[in-house]
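Me: I would like to learn how to read a structure of this kind, feature by feature. Could you take me through it slowly?

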Amino acid sequence: MTKNTNNLRSDPPPLARPKDACPSKNLGGLKGYITSQYVEAANALRGKQARRRIVAYVESYDDIYFWRTVLSRFEDDKRYFEVMLPSKENLTRGKKSVLMNFISGEGSLGQDMIACVDADYDFLIQRATEQSRKVIDSPYVFHTYVYAIENYQCYAPSLHDVCVAVTLNDHRIFDFDEYFRLYSEACFPLFVWSVWAYRTGHHNRFSLTDFNRVCDPGGFTVQQPQTSIDNIRRKVRTKVNELQRQFPNNKEAYLKVKADVLALGVTPQTTYLYMQGHHLFDTVTAPILTKVCNQLRQERQTEIYHSQAHRTQKRNEMSCYENSRQDVKAMLKKNTGYTRCERFLQLQEDIDHYLSQPAH
(Lines give C-alpha, C1' and ligand atoms only; values in the text may rest on other atoms or scores of the structure.)
Protein backbone atom coordinates (compact mmCIF):
# COMPACT_ATOMS: atom_id res chain seq x y z
CA MET A 1 0.00 0.00 0.00
CA THR A 2 1.22 3.54 -0.71
CA LYS A 3 0.89 6.47 1.60
CA ASN A 4 -1.25 9.46 0.63
CA THR A 5 0.91 12.41 1.59
CA ASN A 6 -1.79 14.94 0.62
CA ASN A 7 -3.57 14.41 3.93
CA LEU A 8 -0.54 14.64 6.18
CA ARG A 9 -0.75 18.38 6.84
CA SER A 10 -4.37 18.12 7.93
CA ASP A 11 -3.61 15.69 10.74
CA PRO A 12 -4.12 17.22 14.21
CA PRO A 13 -1.32 17.30 16.77
CA PRO A 14 -0.64 14.18 18.89
CA LEU A 15 -3.40 13.19 21.26
CA ALA A 16 -3.39 14.73 24.70
CA ARG A 17 -4.62 12.98 27.81
CA PRO A 18 -8.26 13.88 28.53
CA LYS A 19 -8.69 16.27 31.47
CA ASP A 20 -10.62 13.77 33.57
CA ALA A 21 -8.00 11.04 33.17
CA CYS A 22 -5.85 11.10 36.28
CA PRO A 23 -2.68 8.98 36.08
CA SER A 24 -2.15 6.48 38.89
CA LYS A 25 1.00 7.26 40.85
CA ASN A 26 1.86 3.63 41.58
CA LEU A 27 1.70 2.62 37.91
CA GLY A 28 4.03 5.27 36.56
CA GLY A 29 1.28 7.43 35.02
CA LEU A 30 -0.17 4.69 32.83
CA LYS A 31 -3.60 4.05 34.36
CA GLY A 32 -6.19 6.52 33.19
CA TYR A 33 -4.25 7.56 30.12
CA ILE A 34 -6.12 7.76 26.83
CA THR A 35 -8.14 4.70 25.89
CA SER A 36 -9.10 3.16 22.59
CA GLN A 37 -12.62 4.58 22.98
CA TYR A 38 -11.14 8.06 23.41
CA VAL A 39 -9.09 7.72 20.22
CA GLU A 40 -12.13 6.31 18.39
CA ALA A 41 -14.21 9.30 19.48
CA ALA A 42 -11.47 11.71 18.40
CA ASN A 43 -11.33 10.01 15.00
CA ALA A 44 -15.12 10.28 14.63
CA LEU A 45 -15.05 14.00 15.38
CA ARG A 46 -12.65 14.59 12.50
CA GLY A 47 -15.10 13.28 9.93
CA LYS A 48 -15.30 10.28 7.65
CA GLN A 49 -12.82 11.67 5.12
CA ALA A 50 -9.98 12.13 7.61
CA ARG A 51 -7.32 9.50 8.03
CA ARG A 52 -7.95 7.20 10.98
CA ARG A 53 -5.30 7.50 13.69
CA ILE A 54 -4.25 4.29 15.45
CA VAL A 55 -2.10 4.73 18.54
CA ALA A 56 0.58 2.06 18.99
CA TYR A 57 2.13 2.00 22.45
CA VAL A 58 5.66 0.60 22.79
CA GLU A 59 7.96 -0.12 25.73
CA SER A 60 10.86 2.29 25.24
CA TYR A 61 12.47 4.82 22.91
CA ASP A 62 14.53 2.09 21.22
CA ASP A 63 11.33 0.32 20.17
CA ILE A 64 9.79 3.25 18.32
CA TYR A 65 11.85 2.90 15.14
CA PHE A 66 11.47 -0.90 15.01
CA TRP A 67 7.68 -0.78 15.29
CA ARG A 68 7.63 1.98 12.69
CA THR A 69 9.25 -0.50 10.25
CA VAL A 70 6.53 -3.03 11.16
CA LEU A 71 3.57 -0.69 10.79
CA SER A 72 4.51 1.72 8.01
CA ARG A 73 3.56 -0.62 5.15
CA PHE A 74 -0.04 -0.65 6.45
CA GLU A 75 -0.49 3.11 6.23
CA ASP A 76 -2.55 4.56 3.40
CA ASP A 77 -5.00 7.37 2.71
CA LYS A 78 -7.46 5.80 5.18
CA ARG A 79 -5.29 5.25 8.27
CA TYR A 80 -1.92 5.89 9.87
CA PHE A 81 -0.16 4.85 13.09
CA GLU A 82 1.29 7.01 15.83
CA VAL A 83 3.98 5.03 17.66
CA MET A 84 4.49 6.38 21.16
CA LEU A 85 5.35 5.64 24.79
CA PRO A 86 2.52 5.04 27.27
CA SER A 87 3.28 8.14 29.34
CA LYS A 88 4.63 11.49 28.25
CA GLU A 89 4.48 12.86 31.80
CA ASN A 90 6.51 10.17 33.57
CA LEU A 91 9.82 9.05 32.10
CA THR A 92 9.81 5.77 34.03
CA ARG A 93 10.40 2.86 31.65
CA GLY A 94 8.62 -0.10 33.18
CA LYS A 95 9.25 -2.20 30.09
CA LYS A 96 6.62 -4.80 29.40
CA SER A 97 5.61 -5.37 33.04
CA VAL A 98 4.47 -1.74 33.37
CA LEU A 99 2.92 -1.68 29.91
CA MET A 100 0.96 -4.78 30.86
CA ASN A 101 -0.51 -2.89 33.83
CA PHE A 102 -1.78 -0.32 31.41
CA ILE A 103 -3.12 -2.96 29.05
CA SER A 104 -5.21 -4.52 31.80
CA GLY A 105 -7.18 -1.27 32.23
CA GLU A 106 -10.85 -1.29 31.30
CA GLY A 107 -11.19 -0.46 27.62
CA SER A 108 -7.56 0.60 27.31
CA LEU A 109 -6.90 -1.23 24.07
CA GLY A 110 -9.06 -1.71 21.02
CA GLN A 111 -9.22 -1.16 17.29
CA ASP A 112 -7.80 2.35 17.62
CA MET A 113 -5.17 1.61 20.24
CA ILE A 114 -2.74 -1.31 20.28
CA ALA A 115 0.28 -2.36 22.35
CA CYS A 116 3.51 -3.57 20.75
CA VAL A 117 5.95 -5.46 22.98
CA ASP A 118 8.98 -7.71 22.99
CA ALA A 119 7.98 -11.35 23.28
CA ASP A 120 10.72 -12.18 25.80
CA TYR A 121 9.84 -15.70 26.99
CA ASP A 122 6.10 -14.96 27.08
CA PHE A 123 5.57 -16.54 23.67
CA LEU A 124 7.58 -19.65 24.57
CA ILE A 125 6.14 -20.34 28.01
CA GLN A 126 2.65 -20.35 26.45
CA ARG A 127 0.36 -18.82 29.10
CA ALA A 128 2.26 -20.16 32.12
CA THR A 129 2.00 -16.67 33.67
CA GLU A 130 -0.64 -13.93 33.63
CA GLN A 131 1.65 -11.70 31.59
CA SER A 132 2.17 -14.44 29.02
CA ARG A 133 -1.60 -14.87 28.73
CA LYS A 134 -2.04 -11.14 28.10
CA VAL A 135 0.66 -11.08 25.44
CA ILE A 136 -0.64 -14.15 23.61
CA ASP A 137 -4.41 -13.83 23.97
CA SER A 138 -5.18 -10.13 23.58
CA PRO A 139 -6.19 -9.32 19.98
CA TYR A 140 -4.71 -5.85 20.42
CA VAL A 141 -1.30 -6.83 21.80
CA PHE A 142 1.38 -7.61 19.21
CA HIS A 143 4.69 -9.20 20.11
CA THR A 144 7.95 -9.79 18.29
CA TYR A 145 7.85 -13.64 18.43
CA VAL A 146 11.64 -13.54 18.76
CA TYR A 147 12.89 -12.53 22.22
CA ALA A 148 13.31 -8.81 21.46
CA ILE A 149 14.03 -6.29 18.74
CA GLU A 150 17.77 -6.85 19.28
CA ASN A 151 17.37 -10.40 18.01
CA TYR A 152 15.98 -9.05 14.75
CA GLN A 153 18.88 -6.61 14.50
CA CYS A 154 21.21 -9.63 14.83
CA TYR A 155 19.44 -11.61 12.08
CA ALA A 156 22.32 -13.62 10.62
CA PRO A 157 21.53 -13.27 6.86
CA SER A 158 21.69 -9.47 7.25
CA LEU A 159 25.00 -9.20 9.10
CA HIS A 160 27.23 -9.10 6.03
CA ASP A 161 25.33 -6.01 4.90
CA VAL A 162 26.07 -4.42 8.28
CA CYS A 163 29.76 -5.13 7.76
CA VAL A 164 29.63 -3.45 4.35
CA ALA A 165 27.92 -0.40 5.86
CA VAL A 166 30.61 -0.19 8.56
CA THR A 167 33.71 -0.83 6.43
CA LEU A 168 32.68 -0.07 2.82
CA ASN A 169 34.23 -3.42 1.93
CA ASP A 170 32.01 -6.06 0.31
CA HIS A 171 34.48 -8.94 0.61
CA ARG A 172 32.76 -11.94 2.29
CA ILE A 173 35.42 -13.20 4.68
CA PHE A 174 33.04 -14.74 7.22
CA ASP A 175 29.94 -16.92 6.94
CA PHE A 176 27.52 -15.45 9.50
CA ASP A 177 24.71 -17.83 8.54
CA GLU A 178 26.83 -20.89 9.20
CA TYR A 179 28.28 -19.57 12.44
CA PHE A 180 24.92 -18.68 13.96
CA ARG A 181 23.51 -22.00 12.83
CA LEU A 182 26.27 -23.86 14.66
CA TYR A 183 26.03 -21.51 17.64
CA SER A 184 22.28 -22.12 17.87
CA GLU A 185 22.64 -25.89 17.63
CA ALA A 186 25.24 -25.82 20.39
CA CYS A 187 22.96 -23.79 22.70
CA PHE A 188 19.67 -25.56 21.92
CA PRO A 189 19.79 -28.39 24.53
CA LEU A 190 20.38 -25.87 27.31
CA PHE A 191 17.84 -23.46 25.81
CA VAL A 192 15.12 -26.09 26.27
CA TRP A 193 16.13 -26.36 29.93
CA SER A 194 15.85 -22.57 30.21
CA VAL A 195 12.32 -22.51 28.78
CA TRP A 196 11.39 -25.39 31.10
CA ALA A 197 12.71 -23.46 34.10
CA TYR A 198 10.60 -20.40 33.28
CA ARG A 199 7.51 -22.45 32.50
CA THR A 200 7.68 -24.29 35.81
CA GLY A 201 8.90 -21.53 38.12
CA HIS A 202 12.39 -22.99 38.55
CA HIS A 203 14.15 -19.94 37.10
CA ASN A 204 15.64 -19.26 40.54
CA ARG A 205 17.56 -22.52 40.07
CA PHE A 206 18.50 -21.81 36.45
CA SER A 207 18.11 -18.19 35.39
CA LEU A 208 18.61 -16.39 32.10
CA THR A 209 21.83 -15.01 33.52
CA ASP A 210 23.05 -18.57 34.10
CA PHE A 211 22.09 -19.53 30.56
CA ASN A 212 23.78 -16.47 29.05
CA ARG A 213 26.98 -17.16 30.97
CA VAL A 214 27.25 -20.64 29.48
CA CYS A 215 26.45 -19.42 25.96
CA ASP A 216 29.09 -16.69 25.88
CA PRO A 217 31.36 -17.40 22.87
CA GLY A 218 34.40 -15.77 24.47
CA GLY A 219 37.67 -16.35 22.65
CA PHE A 220 36.10 -16.05 19.19
CA THR A 221 38.48 -15.50 16.27
CA VAL A 222 37.60 -14.89 12.62
CA GLN A 223 40.22 -17.41 11.50
CA GLN A 224 39.06 -20.25 13.80
CA PRO A 225 35.41 -19.68 14.75
CA GLN A 226 34.88 -23.40 15.36
CA THR A 227 36.96 -23.14 18.54
CA SER A 228 34.32 -20.96 20.20
CA ILE A 229 31.55 -23.32 19.06
CA ASP A 230 33.39 -26.30 20.54
CA ASN A 231 33.87 -24.39 23.78
CA ILE A 232 30.15 -23.61 24.03
CA ARG A 233 29.26 -27.25 23.34
CA ARG A 234 31.55 -28.32 26.16
CA LYS A 235 30.04 -25.80 28.58
CA VAL A 236 26.48 -26.70 27.55
CA ARG A 237 27.18 -30.41 28.04
CA THR A 238 28.58 -29.73 31.52
CA LYS A 239 25.59 -27.60 32.54
CA VAL A 240 23.04 -30.06 31.12
CA ASN A 241 24.66 -32.86 33.13
CA GLU A 242 24.47 -30.70 36.23
CA LEU A 243 20.76 -29.96 35.67
CA GLN A 244 20.03 -33.62 35.06
CA ARG A 245 21.57 -34.41 38.45
CA GLN A 246 19.53 -31.66 40.12
CA PHE A 247 16.28 -32.83 38.48
CA PRO A 248 16.77 -36.59 37.98
CA ASN A 249 13.10 -37.30 37.18
CA ASN A 250 12.72 -34.53 34.65
CA LYS A 251 13.38 -36.37 31.37
CA GLU A 252 9.72 -36.65 30.34
CA ALA A 253 8.99 -33.00 31.19
CA TYR A 254 12.12 -31.90 29.29
CA LEU A 255 11.11 -33.84 26.18
CA LYS A 256 7.61 -32.34 26.32
CA VAL A 257 8.98 -28.79 26.48
CA LYS A 258 11.34 -29.61 23.62
CA ALA A 259 8.43 -30.87 21.49
CA ASP A 260 6.37 -27.78 22.37
CA VAL A 261 9.22 -25.42 21.49
CA LEU A 262 9.73 -27.12 18.14
CA ALA A 263 5.99 -26.96 17.46
CA LEU A 264 6.09 -23.20 18.07
CA GLY A 265 8.55 -22.85 15.18
CA VAL A 266 11.80 -22.66 17.12
CA THR A 267 14.45 -24.87 15.54
CA PRO A 268 17.89 -25.89 16.82
CA GLN A 269 19.31 -23.79 13.96
CA THR A 270 17.49 -20.58 14.98
CA THR A 271 17.87 -20.69 18.77
CA TYR A 272 19.78 -17.39 18.75
CA LEU A 273 16.60 -15.52 17.79
CA TYR A 274 14.92 -16.56 21.05
CA MET A 275 17.78 -15.92 23.46
CA GLN A 276 17.91 -12.78 25.58
CA GLY A 277 18.25 -9.92 23.12
CA HIS A 278 20.74 -7.71 24.95
CA HIS A 279 23.02 -10.69 25.58
CA LEU A 280 22.90 -11.68 21.91
CA PHE A 281 23.56 -8.10 20.80
CA ASP A 282 26.28 -7.07 23.26
CA THR A 283 28.05 -10.34 24.08
CA VAL A 284 27.72 -12.40 20.91
CA THR A 285 27.01 -10.41 17.75
CA ALA A 286 28.71 -7.05 18.32
CA PRO A 287 32.09 -8.56 19.35
CA ILE A 288 32.04 -10.92 16.34
CA LEU A 289 31.09 -8.09 13.97
CA THR A 290 33.81 -5.90 15.42
CA LYS A 291 36.49 -8.50 14.72
CA VAL A 292 35.22 -9.17 11.20
CA CYS A 293 35.00 -5.43 10.48
CA ASN A 294 38.50 -4.80 11.83
CA GLN A 295 39.86 -7.34 9.37
CA LEU A 296 37.87 -5.84 6.49
CA ARG A 297 39.13 -2.37 7.38
CA GLN A 298 42.69 -3.57 7.48
CA GLU A 299 42.20 -5.23 4.11
CA ARG A 300 40.91 -1.99 2.58
CA GLN A 301 43.72 0.04 4.15
CA THR A 302 46.30 -2.39 2.76
CA GLU A 303 44.80 -2.03 -0.72
CA ILE A 304 45.15 1.74 -0.52
CA TYR A 305 48.69 1.53 0.86
CA HIS A 306 49.87 -0.79 -1.94
CA SER A 307 48.12 1.07 -4.74
CA GLN A 308 50.12 2.72 -7.53
CA ALA A 309 48.93 6.20 -6.60
CA HIS A 310 51.18 9.07 -5.53
CA ARG A 311 51.97 9.34 -1.80
CA THR A 312 49.78 12.44 -1.36
CA GLN A 313 46.92 10.79 -3.22
CA LYS A 314 47.26 7.70 -1.01
CA ARG A 315 47.19 9.86 2.09
CA ASN A 316 44.06 11.65 0.89
CA GLU A 317 42.40 8.36 -0.04
CA MET A 318 43.24 6.88 3.37
CA SER A 319 41.87 9.97 5.12
CA CYS A 320 38.69 9.83 3.06
CA TYR A 321 38.22 6.15 3.89
CA GLU A 322 38.83 6.68 7.61
CA ASN A 323 36.25 9.48 7.69
CA SER A 324 33.68 7.25 5.97
CA ARG A 325 33.84 4.41 8.50
CA GLN A 326 30.92 3.77 10.82
CA ASP A 327 30.54 2.43 14.36
CA VAL A 328 29.61 -1.25 14.56
CA LYS A 329 26.96 -1.02 17.30
CA ALA A 330 25.39 2.09 15.80
CA MET A 331 25.00 0.41 12.40
CA LEU A 332 23.74 -2.80 14.01
CA LYS A 333 21.00 -0.81 15.76
CA LYS A 334 20.01 0.68 12.40
CA ASN A 335 19.98 -2.72 10.69
CA THR A 336 16.63 -3.43 8.99
CA GLY A 337 17.66 -6.57 7.11
CA TYR A 338 15.34 -8.50 9.45
CA THR A 339 12.41 -7.63 7.21
CA ARG A 340 13.27 -10.86 5.37
CA CYS A 341 13.02 -12.91 8.57
CA GLU A 342 10.17 -15.43 8.70
CA ARG A 343 9.12 -14.30 12.18
CA PHE A 344 8.97 -10.67 11.08
CA LEU A 345 6.70 -11.65 8.19
CA GLN A 346 4.53 -13.56 10.65
CA LEU A 347 4.27 -10.44 12.82
CA GLN A 348 3.16 -8.41 9.82
CA GLU A 349 0.55 -11.05 9.02
CA ASP A 350 -0.83 -10.56 12.55
CA ILE A 351 -1.12 -6.80 11.93
CA ASP A 352 -2.78 -7.44 8.58
CA HIS A 353 -5.32 -9.76 10.20
CA TYR A 354 -6.13 -7.19 12.90
CA LEU A 355 -6.67 -4.46 10.31
CA SER A 356 -8.92 -6.71 8.23
CA GLN A 357 -11.46 -6.92 11.05
CA PRO A 358 -14.53 -4.68 10.51
CA ALA A 359 -14.44 -1.42 12.45
CA HIS A 360 -17.07 -0.78 15.10
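What follows is a dialogue that takes up the sheet, the helices, the salt bridges and some single residues in turn.

Me: What should I know about the model and its numbering before starting?

Reply: This is a predicted model, in which local features need pLDDT of at least 70 and side-chain atom pairs count only at pLDDT 80 or more, while totals for chains, interfaces and linings use all residues. Residues are numbered from 1 along each chain as its sequence is written, and side-chain values use heavy atoms, with hydrogens and water left out.

Me: In what order do the four strands of the open sheet stand?

Reply: Strands of a sheet pair through backbone hydrogen bonds, either parallel or antiparallel. Helices (H or I, at least four residues) and strands (E, at least two) are DSSP runs, numbered from the N terminus, and two strands pair if DSSP finds at least two bridges between them. Here the four strands form an open sheet in the order β2-β1-β3-β4, and the pairing is parallel. Because β2 (79-84) and β4 stand at the edges with a single partner strand each, one side of each is left without a neighbour in the sheet. The twist averages 30° from one strand to the next, where axes are lines fitted to C-alpha atoms, for helices over the stretch in contact, and angles run from 0 to 180 degrees between N-to-C directions. As a detail of the pairing, β1 and β2 are joined in the parallel sense over six bridges, and Arg 53 stands opposite Tyr 80 in β2.

Me: Which strands does helix α2 touch?

Reply: Contact is read from atoms, and means heavy atoms within 4.5 Å. Helix α2 (residues 61-71) packs on the sheet and touches β1, β2, β3 and β4, its direction making about 165° with that of β2. Helix α15 (residues 342-356) lies across β1, β2, β3 and β4 and runs at about 165° to β4.

Me: At roughly what angle do the axes of α8 and α10 cross?

Reply: Angles under 35 degrees count as roughly parallel, over 145 as roughly antiparallel, 65 to 115 as roughly perpendicular and the rest as oblique. The axes of helix α8 (residues 176-200) and helix α10 (residues 226-246) come within 9 Å and cross at roughly 10°, which means that α8 is roughly parallel to α10. Among the residues that meet are Tyr 179, Leu 182 and Trp 193 in α8, with Ile 229, Val 236 and Leu 243 among those in α10. By class, the contact of α8 with α10 has 13 nonpolar, three polar and two charged residues; Ala, Val, Leu, Ile, Met, Phe, Trp, Tyr, Cys and Pro count as nonpolar, Asp, Glu, Lys and Arg as charged, and the others, Gly among them, as polar.

Me: How many salt bridges does the count come to?

Reply: A salt bridge is a side-chain nitrogen of Lys or Arg within 4 Å of a carboxyl oxygen of Asp or Glu, and by this rule the count comes to 13. In one of them, Arg 52 is joined to Asp 112, with the closest N and O atoms 2.9 Å apart. This pair links distant parts of the chain, since Arg 52 is in strand β1 (residues 52-57) and Asp 112 in the loop between α3 (95-103) and β3 (113-117), 60 residues apart. For accessibility, buried means under 20% relative accessible area, exposed over 50%, and partly exposed in between (1.4 Å probe, protein chains only). Arg 52 is partly exposed at 22%, whereas Asp 112 is buried at 6%.

Me: Where do Arg 199 and Asp 260 lie?

Reply: Arg 199 lies in helix α8 and Asp 260 in helix α11 (residues 251-263), so the pair ties together parts that are 61 residues apart in sequence. Their side chains meet in a salt bridge (2.9 Å, N to O). By contrast, Asp 230 and Arg 233 both lie in helix α10, three residues apart, about one turn of the helix, and the closest N and O atoms of their salt bridge are 3.7 Å apart.

Me: Is Tyr 145 buried or exposed?

Reply: Tyr 145 is buried, with a relative accessible area of 9%, and its place is in the loop between β4 (141-143) and α6 (149-153). Most residues other than glycine have a negative phi, but phi of Tyr 145 is near 70°, a positive value.
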